[in-house]
Amino acid sequence: MNPSSNTVRFVLDGAIIEATGELHSTSVLDYLREHLQRSGTKEGCAEGDCGACVVLIGELDVPGTAIHYLPVNSCLQLVPTLDGKSVKTVESLQRANGSLHPVQQAMAAGHGTQCGFCTPGIVMSLTGLMQSVPKPTRSEINDALSGNLCRCTGYKPIIEAAIQASEAPVDRLKLDDSQDLPLLVQLRRDRAESSLMRTPEGKEFFAPSSVAALADYMTRHPDTTLLAGSTEIGLQVNKQFARPGRIAYLGHVTELRQVEDKGVFWRIGAQVSLTTVQTLVADAYPDFAEVLRRFGSPPIRSTATLAGNIANGSPIGDSMPCLLALGATLLLRQGEVTRTLELDKFYTGQKKNALQSGEFIEAVHLPKPAPGVVFRAHKISKRFDQDISATCCAMSFQLLDGKFSAVRLAYNGLAPSPCRAPKLEALIEGRTPEEVNGADLDQAIAASFTARDGLRASWAYRSLLARNLVMQFIEEAATATTEITP
Ligand SMILES: Cc1cc2nc3c(=O)[nH]c(=O)nc-3n(C[C@H](O)[C@H](O)[C@H](O)COP(=O)(O)OP(=O)(O)OC[C@H]3O[C@@H](n4cnc5c(N)ncnc54)[C@H](O)[C@@H]3O)c2cc1C
Ligand code: FES
Ligand code: FES
């Protein structure tokens, strides 16, 4: 993006596209279809649910020798975020000799398509998967398709087609991006340090390249809308017709894209995606990784950030119960001043938080596993994949001489914001698993939360889940203890 010309520059199939005009609230999907005639990419829901709009966004790796692809819902991404990146649509897959990609061939040959509306999105999700996992398992294929809805074919032939395609040679599965690579290197070289796009009526899209530049802009313009993975903001633009006056995009701030090992905790930058966090916690906290596996879909997780989930502060936000139970803290920044705040103290009401004017989340500090600490979490939703929680419960504890110690218990879906449950923690602390009973937990739940029926679940259902999930964790802890006792 060039501040003087208001031009967004990105690579599409071996050519640099220079996008101009009032683009700062234009979705990538609309731009592809209406300006570039890439109408293979479809609009179904415009809210990240159907996957008909999935395209691959490519970014140059650090050495500048390869392009790393992510599947994204193009309906949720704004055009200026493409600056310096590349795009692959379903039209990109046809080779110069006219041959189709193995995924396309297998979908056609295996009757994986009927009306065809979902097909481009499905093809792009599968092609994206095979860029990083050329020989996926059935379960990896299922996961890759969890954000693609097909209403006529049924999934069996689609999954069979994916398995069939994966038998093709790896070099046929890989995207041909040899002409894109030098162009992305050129765009990186030309890119302004920080860039500002301004519309004639004064709307701004700022893309800083450092935390200091971001902090300075936020101090001068505290009303700025921060844009991270755009899975909330994109929804607000499409469905509530939000047109923020000022946007600051975090995607080009290298410091915010990093995870650092700080010994006893990980420092997770505010622009780190949930896909990266899922990988980070896979061994340390498998239940947390599983909650994240069921968070949206791969195109949502590939851009959505942990910090965005926290800042958004939805009562049913899924990462927060895990982070609260694990004792996460936030690194907040306002100008040149930073402070740390326990996540426990961050929320002040429904979608309200302790951020001060011009302050933002710079990083999330996630404690690493400590010896003897057990962490459990589980999300309950009506649909297994790509659905919103009825409740998600997370619990960490130690068993010392058979008694619970250092209990931290947190939920979403029960209160105006995700929160800990101190009365339940106190009830469990110091008891053996056998001493905790459901009736006591029911009383503590009734005393802790205001009974409210919601659109997605009644209070009776949610409070039952709140009790049963804890009972399950406790019973499994008791079983595990019994098993290791000689
Ligand atoms: C189809 C779909 C499925 C979803 N599924 C789930 C789900 O299963 N579970 C769930 O919990 N959520 C879900 N979400 C909600 C959303 O994906 C998450 O809240 C996500 O983590 C938001 O992160 P983001 O980076 O995309 O945020 P953005 O949309 O970029 O921003 C969200 C909010 O946070 C603010 N913000 C961003 N970064 C910062 C920062 N560093 N400091 C201060 N404020 C900041 C923004 O200004 C904005 O108000 C889903 C959304 C969609 C569209
Ligand atoms: S149009 Fe449905 S996910 Fe984008
Ligand atoms: S083929 Fe019609 S929706 Fe999938």
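**Helices, sheets and a ligand shell**

Colleague: Which residues of helix α16 (residues 438-448) are buried?

Modeller: Leu 441, Ala 444 and Ile 445 are the buried residues of α16. They sit on the same side of the helix because they cover an arc of only 100° around its axis (the arc of the directions from the helix axis to the C-beta atoms). A residue is buried if 20 or more other C-beta atoms lie within 10 Å of its own, exposed if 12 or fewer, and partly exposed in between, with C-beta atoms placed from the backbone.

Colleague: And which residues are exposed on the other side of α16?

Modeller: Ala 439 and Ala 447 are exposed there. An α-helix has 3.6 residues a turn, so residues three or four places apart point the same way.

Colleague: Before we go on, what sort of model is this, and what confidence do local features need?

Modeller: This is a predicted model, where local features need pLDDT of at least 70 and side-chain atom pairs count only at pLDDT 80 or more, while totals for chains, interfaces and linings use all residues. Residues are numbered from 1 along each chain as its sequence is written, and chains are lettered from A and ligands numbered from 1 in the order in which they are written. Helices (H or I, at least four residues) and strands (E, at least two) are DSSP runs, numbered from the N terminus.

Colleague: Thanks! What's the strand order in the open sheet of five strands?

Modeller: The order is β2-β1-β5-β3-β4, with mixed pairing. Two strands pair if DSSP finds at least two bridges between them. β2 (15-19) and β4 (67-73) stand at the edges with a single partner strand each, so one side of each has no neighbour in the sheet. The twist averages 35° from one strand to the next.

Colleague: How do β1 and β2 pair?

Modeller: They are antiparallel, with five bridges between β1 (residues 8-12) and β2. Leu 12 has Ala 15 in β2 as its bridge partner.

Colleague: Which helices pack on that sheet?

Modeller: Helix α3 (residues 119-132) lies across β3 (54-60) and β4, at about 30° to β3. Helix α7 (residues 180-190) touches β1, β2, β3, β4 and β5 (86-88), and its direction makes about 165° with that of β1. For those angles, axes are lines fitted to C-alpha atoms, for helices over the stretch in contact, and angles run from 0 to 180 degrees between N-to-C directions. Two residues are in contact if their C-beta atoms, placed from the backbone, lie within 7 Å.

Colleague: Changing topic: is Val 103 buried or exposed?

Modeller: Val 103, in helix α2 (residues 102-109), counts as buried because it has 28 C-beta neighbours inside 10 Å.

Colleague: What is Val 103 in contact with, beyond its neighbours within four places in sequence?

Modeller: Val 123, Leu 126, Thr 127, Ala 162 and Ala 165. Val 123 is 20 residues away in sequence and 6.3 Å away in space, C-alpha to C-alpha.

Colleague: Now the ligand. Which residues come nearest to ligand 1?

Modeller: Gly 48, Gly 229, Gly 308, Asn 309 and Ala 311 come nearest, out of 30 residues around ligand 1. A residue is near a molecule or strand if its C-beta atom, placed from the backbone, lies within 6 Å of it. Elements giving two or more residues to the shell are β8 (225-227), α9 (233-239), α12 (298-303), α13 (306-312) and β16 (360-367). α13 gives the most, with five residues.

Colleague: How does the shell around ligand 1 split by class?

Modeller: There are 14 nonpolar, 12 polar and four charged residues. Ala, Val, Leu, Ile, Met, Phe, Trp, Tyr, Cys and Pro count as nonpolar, Asp, Glu, Lys and Arg as charged, and the others, Gly among them, as polar.

Colleague: Last one: what's the order of the open sheet of four strands?

Modeller: It runs β17-β18-β19-β20, with antiparallel pairing, and β17 and β20 (419-420) are the edge strands, each pairing on one side only. Five of the seven residues of β17 (residues 374-380) are buried, so β17 is largely enclosed by the rest of the structure. Seven bridges join β17 to β18 (residues 391-400); Phe 375 has Ser 396 as its bridge partner.

Colleague: Which strands does α14 lie across?

Modeller: α14 lies across β17, β18, β19 (403-411) and β20, at about 20° to β18. Eight of the eight residues of α14 (residues 319-326) are buried, and just after the helix Gly 327 takes a positive phi of about 75°.
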